[in-house]
2 protein chains.
Amino acid sequence: MEVQIAVAKVNKYAISESGDTLEVVERPNGGLSVVLADGQTSGRGAKAVSQLVVRKVIGLLAEGVRDGAAARAASDALYTEKQGKVICTLNIASVDLHSGTIVLARNNPSPMFICRGDQIDRRDEESIALGISRNVRPLITEIPVEPGLMIVIYTDGLTHAGERRGQPMDVEETLRFLMDDHNSSPQALADSLLAHAISLDDNRPADDISVLVLKVTSRMGDNVRRMTVRLPIEGNLRS
Amino acid sequence: MEVQIAVAKVNKYAISESGDTLEVVERPNGGLSVVLADGQTSGRGAKAVSQLVVRKVIGLLAEGVRDGAAARAASDALYTEKQGKVICTLNIASVDLHSGTIVLARNNPSPMFICRGDQIDRRDEESIALGISRNVRPLITEIPVEPGLMIVIYTDGLTHAGERRGQPMDVEETLRFLMDDHNSSPQALADSLLAHAISLDDNRPADDISVLVLKVTSRMGDNVRRMTVRLPIEGNLRS
């Protein structure tokens with residue numbers, strides 16, 4: 001088997017810093033975790049908040065702390081630092097080779113989708129962001145790693161796309177349409193979801209948007225781990 | 001412009017944990033850093049050492065500490081923890097959007113290559129690993145971000161490939177051959193370098209091997225950041 005994880009991420013229009021932070025960390029007992037946080041508002045302040053949350057979570061995961069405990073610790077740290085005045089959403093998607101499962105932790109009102117074949121399971125149980133109060137807990141979903149499994153996670157910029165002109169994005173419908181092509185790679189799927197959102201916002205995203213797609217394939221091949229990062233840079237770097 | 005970073009990474013044959021650790025972190029003033037460490041020996045002990053070094057470096061970079069200072073701090077931490085008895089190589093490749101440069105920090109006897117067009121600049125000034133003594137400093141190379149620039153960094157597993165059967169890999173020659181195809185992506189290049197090393201080791205790598213390729217292209221496109229991770233998993237997860 002192979003787990004493929006793809007991310008596509010764009011800033012709010014004309015804002016140089018994204019309030020969304022995403023990082024990947026190796027798990028000390030095998031596997032890896034992707035951590036995605038979206039800080040309240042946008043720009044530098046939001047970036048600082050989402051970075052604080054992601055750094056806290058990643059530091060704990062790297063020490064072997066379980067995902068749920070890491071999320072709760074990050075919430076308490078944010079609550080203490082900002083006295084409950086600033087909130088931040090958090091999603092953790094972990095490939096845990098120790099338990100042979102994918103562990104999904106969510107502190108984010110935006111739903112996520114768990115797909116198998118043509119089936120789309122929309123997970124939208126109520127979930128609150130970090131930093132709102134003490135005793136914030138994530139929703140935890142644990143699924144065996146199996147070929148055909150696909151998970152789609154995103155920040156609320158995707159849901160809000162198109163609202164400015166009264167055509168909000170229907171993420172589930174878009175996903176269903178895109179999944180007709182069973183062979184599309186996770187990166188193609190993440191790119192297409194993001195591109196659709198950007199087009200609904202007339203190419204000027206009204207918010208930071210991050211899309212994460214995780215797919216388990218039956219691919220048998222080499223034992224090589226691979227990673228690609230693509231970072232667009234504006235023409236005049238020193239402007 | 002776009003900076004593309006690709007990594008291909010394999011474990012020593014029959015060893016479930018790689019002594020190489022690689023992680024990516026966003027820089028607080030813009031851009032990102034890739035941190036690659038190779039702990040002495042292989043397996044679990046080496047993994048713990050390279051993770052210690054990478055976590056230290058990443059934590060400092062995330063706070064805005066400069067690359068050279070982060071490398072020195074990691075060396076001191078390792079020296080203190082292991083009393084000079086365990087060493088670890090370190091490479092940091094940073095895309096610094098604040099200065100508009102790529103900053104390369106090296107504490108690794110293995111050389112690195114800086115390529116432009118058909119030119120290959122082999123950088124093999126003497127460089128010692130972290131943790132050997134106090135006052136270990138990295139070699140720092142700073143280059144403007146420019147289309148056509150390509151950088152190749154690797155752990156010593158690549159250099160040692162083929163030694164077992166008396167045919168050690170000539171990395172520079174292999175790179176020159178592969179660069180004949182000017183259009184190959186960084187991932188294709190990293191994959192090919194690694195595949196050649198694995199074949200020289202009769203498909204049983206004698207050491208952990210990690211290859212990192214960074215390429216600056218003139219691509220003008222969307223402002224979307226992208227990341228793909230591919231994690232192979234052995235058939236029986238719970239074995």
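This is a predicted model: local features need pLDDT of at least 70, side-chain atom pairs count only at pLDDT 80 or more; totals for chains, interfaces and linings use all residues.
Is Glu26(A) buried or exposed? At 11% relative accessibility, Glu26(A) counts as buried, because the cut-off for that class is under 20%.

**View 1. Glu26(A) meets two lysines of chain B.** Lys47(B) forms a salt bridge with Glu26(A), with the closest N and O atoms 2.7 Å apart. This pair crosses between chains, running from helix α1 of chain B to strand β2 (residues 20-26) of chain A. Lys47(B) is itself buried, at 5% relative accessibility. Lys9(B) also forms a salt bridge with Glu26(A), and here the closest N and O atoms are 3.9 Å apart. Look as well for Gln51(B), which sits in helix α1 of chain B. Leaving out residues up to four places away in sequence, Gln51(B) touches Glu26(A), Pro28(A) and Thr21(B). With 16% relative accessibility, Gln51(B) counts as buried.

**View 2. Glu26(B) and Lys47(A) form a salt bridge.** Their side chains meet at 2.7 Å, N to O. This pair also crosses between chains, from Glu26(B) in strand β2 of chain B to Lys47(A) in helix α1 (residues 44-62) of chain A. Both Glu26(B) and Lys47(A) are buried.

**View 3. The side of chain B that touches chain A.** Here 54 residues of chain B are in contact with 54 residues of chain A. Together the two chains bury about 5300 Å², 53% of it on carbon and sulfur atoms. Between chain B and chain A there are 8 salt bridges, and 23 residue pairs are in polar contact across the interface. On the chain B side, β1 (2-10), β2 (20-26), β3 (31-39), α1 (44-62), α5 and β11 (225-232) each supply at least two residues. The biggest share comes from β1(B), with 9 residues. Sorted by class, this side of chain B has 26 nonpolar, 12 polar and 16 charged residues.

View 4. Strand β11 (residues 225-232) of chain A is joined to β1(B) by 8 bridges, and the two run antiparallel. To find your bearings, pick out Arg226(A), which stands opposite Ala8(B) in β1(B).

**View 5. A salt bridge within chain B.** The side chains of Arg122(B) and Glu172(B) meet at 3.5 Å, N to O. Arg122(B) lies in strand β7 (residues 119-123) and Glu172(B) in helix α4 (residues 171-178), so the pair ties together parts that are 50 residues apart in sequence. Arg122(B) counts as partly exposed, at 38% relative accessibility. Over all chains, the whole structure has 36 salt bridges.

View 6. Most residues other than glycine have a negative phi. Gln83(B), however, has a positive phi near 50 degrees, and Asn203(B) has a positive phi near 65 degrees. Gln83(B) is in the loop between α2 (67-82) and β4 (88-96), while Asn203(B) is in the loop between α5 (186-200) and β10 (209-217). Gln83(B) is exposed, with a relative accessible area of 58%, and Asn203(B) counts as exposed at 58% relative accessibility. Ser110(B), in the loop between β5 (101-107) and β6 (112-116), is buried, with a relative accessible area of 6%. Neighbours within four places in sequence aside, Ser110(B) is in contact with Tyr154(B), Thr155(B), Asp156(B) and Thr159(B).

Note on methods: Residues are numbered from 1 along each chain as its sequence is written. Chains are lettered from A and ligands numbered from 1 in the order in which they are written. Side-chain values use heavy atoms; hydrogens and water are left out. Helices (H or I, at least four residues) and strands (E, at least two) are DSSP runs, numbered from the N terminus. Buried means under 20% relative accessible area, exposed over 50%, partly exposed in between (1.4 Å probe, protein chains only). Contact means heavy atoms within 4.5 Å. Buried area is the accessible area (1.4 Å probe) that two parts lose on being put together, summed over both. A salt bridge is a side-chain nitrogen of Lys or Arg within 4 Å of a carboxyl oxygen of Asp or Glu. A polar contact is a pair of N or O atoms within 3.5 Å; within protein, one must be able to donate a hydrogen and the other to accept it, and residues adjacent in sequence count only if both atoms are side-chain atoms. Ala, Val, Leu, Ile, Met, Phe, Trp, Tyr, Cys and Pro count as nonpolar, Asp, Glu, Lys and Arg as charged, and the others, Gly among them, as polar. Two strands pair if DSSP finds at least two bridges between them.
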